[in-house]
Amino acid sequence: MRNISSDEITSAVKKLCMDANYFLGDDVVEAVRKSLDKEESPLGKEILNQILENAEIARKERMPLCQDTGLTAIFVEMGSEVQIEGLTLESAIQEGIGQGYEEGFLRKSMVEDPLRRKNTGDNTPGVISIKSTEGDRIKITILPKGGGSENMSAIKMLKPSDGEDGVKNFIVDTVKIAGGNPCPPVIVGVGIGGSFDKCAYLAKKSLLREVGSVHPDPYYADMEKELLERINNTGIGPQGLGGRITALAVHIETHPCHIASLPVAVNTQCHSARHKEIII
Amino acid sequence: MEAIKLKTPVSDQNIEKLRAGHKVILNGYIYTARDAAHKKMVELLDKGDSLPFDPKGQIIYFVGPSPAKPGQVIGSAGPTTSGRMNKYSPKMIKAGLKGMIGKGEMGKEVTDALKQFKGAYFVATGGAGALMAKRITESEVVAYEELGPEAVRRLKVEDFPIIVAQDCHGGNIFVEGMEKYRK
């Protein structure tokens, strides 16, 4: 067994919260830059340029890219030979979120009850998912998820007979209904299969994939390409003001499912597609 | 496309010149409010009470900024989704408000109020919070401090880049823009 102190986890999470909110990934910057050539709308081009300028200011000044520094989604891959000393893994992570949001001047956006809505004051609790893996390492990924794009997400339990067309139409329709609300250009995270809850998890997890990467399964690689084209043909454009670039990427994740089911989830991600990871 | 210069407070004549899709450079004082502050202010209007600030000729920015670091005027300060204020904005416009700044389309009830009382809805680039913060030179909480990021602030903006999204003539860039670029 390899022992890791919970303090080490806490300080790693604290730093990840800040870094993810200040530094936009190179893959996203590159995708926005490339999309400038394809955007035909002058307003659209201007918005894409503002997004690039914003990322530059945020990086230089260590300022949040967006004032909505998100609900903190955390993905953990826990090696079976790792033992945490001190606090539990869950507590160590929540402690790190609280410290990161306070010390990093990040906005606290969590309310403790969905209807009575009192702010928790430190952006906890984050939503944590833990998967066990082999080895003596622990991988922690944080994804601060803004409310505006999260609100434009949707899930549907399709019938198996709805098939590929049913799935594709639901994805495109979800983007159309969202219009300019989720801050396009977006990244469209899709989960297909599993159960009601599993496909939503897959849709969120798909957002961690590098923008511009190709799906390893050619069947889904083609589907992603086709969907991206259909979405960009809607004309919604940057911020919904009309244009060629509505999405930067479509990411699909799948899972086996029940013979009676075809669940599909779309987790919409704004262009401020922030995530950072560490392996301890 | 040359940007139109606009300064607060704005008049009906200023508003009538604006068309959906126009770029605007805004200067002067504006007020911030999101869901929670709107709820409180509309309750005041419903009771016939006055608001924490006089809305006549003013513009509200839908924003909940991140905390300012020492030495900063304000933290990141980009727009939030405006559709959540569909319920409230018509009453604010009726009370004299001339404009709102946010992101995403606003509903028919807002379009109707913009036409009836001469107002305009503008968008700023969502997710460009660090860039917008650079154009804010003063920030002061004027009401509901207990709401934290949702408090009502008075901001001074300098060359604040916004776009007319829905105008007082029924123009709507979300509809017109999408039609233009749809394939």
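Colleague: At roughly what angle do the axes of helix α2 and helix α3 of chain A cross?

Modeller: This is a predicted model, in which local features need pLDDT of at least 70, side-chain atom pairs count only at pLDDT 80 or more, and totals for chains, interfaces and linings use all residues. Residues are numbered from 1 along each chain as its sequence is written, while chains are lettered from A and ligands numbered from 1 in the order in which they are written. The axes of α2 (residues 26-38) and α3 (residues 42-61) of chain A cross at roughly 155° and come within 10 Å. Axes are lines fitted to C-alpha atoms, for helices over the stretch in contact, and angles run from 0 to 180 degrees between N-to-C directions. Helices (H or I, at least four residues) and strands (E, at least two) are DSSP runs, numbered from the N terminus.

Colleague: Why is α2(A) called roughly antiparallel to α3(A)?

Modeller: Angles under 35 degrees count as roughly parallel, over 145 as roughly antiparallel, 65 to 115 as roughly perpendicular and the rest as oblique. The crossing angle is roughly 155°, and therefore α2(A) is roughly antiparallel to α3(A).

Colleague: Which residues make the contact of α2(A) with α3(A)?

Modeller: From α2(A) come A:V29, A:V32, A:R33, A:S35 and A:L36, and from α3(A) come A:K45, A:L48, A:I51, A:L52 and A:A55. Two residues are in contact if their C-beta atoms, placed from the backbone, lie within 7 Å. Seven of these residues are nonpolar, one is polar and two are charged. Here Ala, Val, Leu, Ile, Met, Phe, Trp, Tyr, Cys and Pro count as nonpolar, Asp, Glu, Lys and Arg as charged, and the others, Gly among them, as polar.

Colleague: What makes β4 and β10 of chain A edge strands?

Modeller: Two strands pair if DSSP finds at least two bridges between them. The open sheet has four strands in the order β4-β2-β5-β10 of chain A, with mixed pairing. β4 (127-133) and β10 (276-279) each pair on one side only, and these are the edge strands.

Colleague: How many bridges join β5(A) and β10(A)?

Modeller: β5(A) and β10(A) have four bridges, in the antiparallel sense; the definition asks for at least two. A:I142 stands opposite A:K276 in β10(A). Helix α1 (residues 6-22) of chain A lies across β2, β5 and β10 of chain A, at about 40° to β5(A).

Colleague: How many residues of chain B are in contact with chain A?

Modeller: There are 41 residues of chain B in contact with 41 residues of chain A. On the chain B side, the largest share, eight residues, comes from α6(B).
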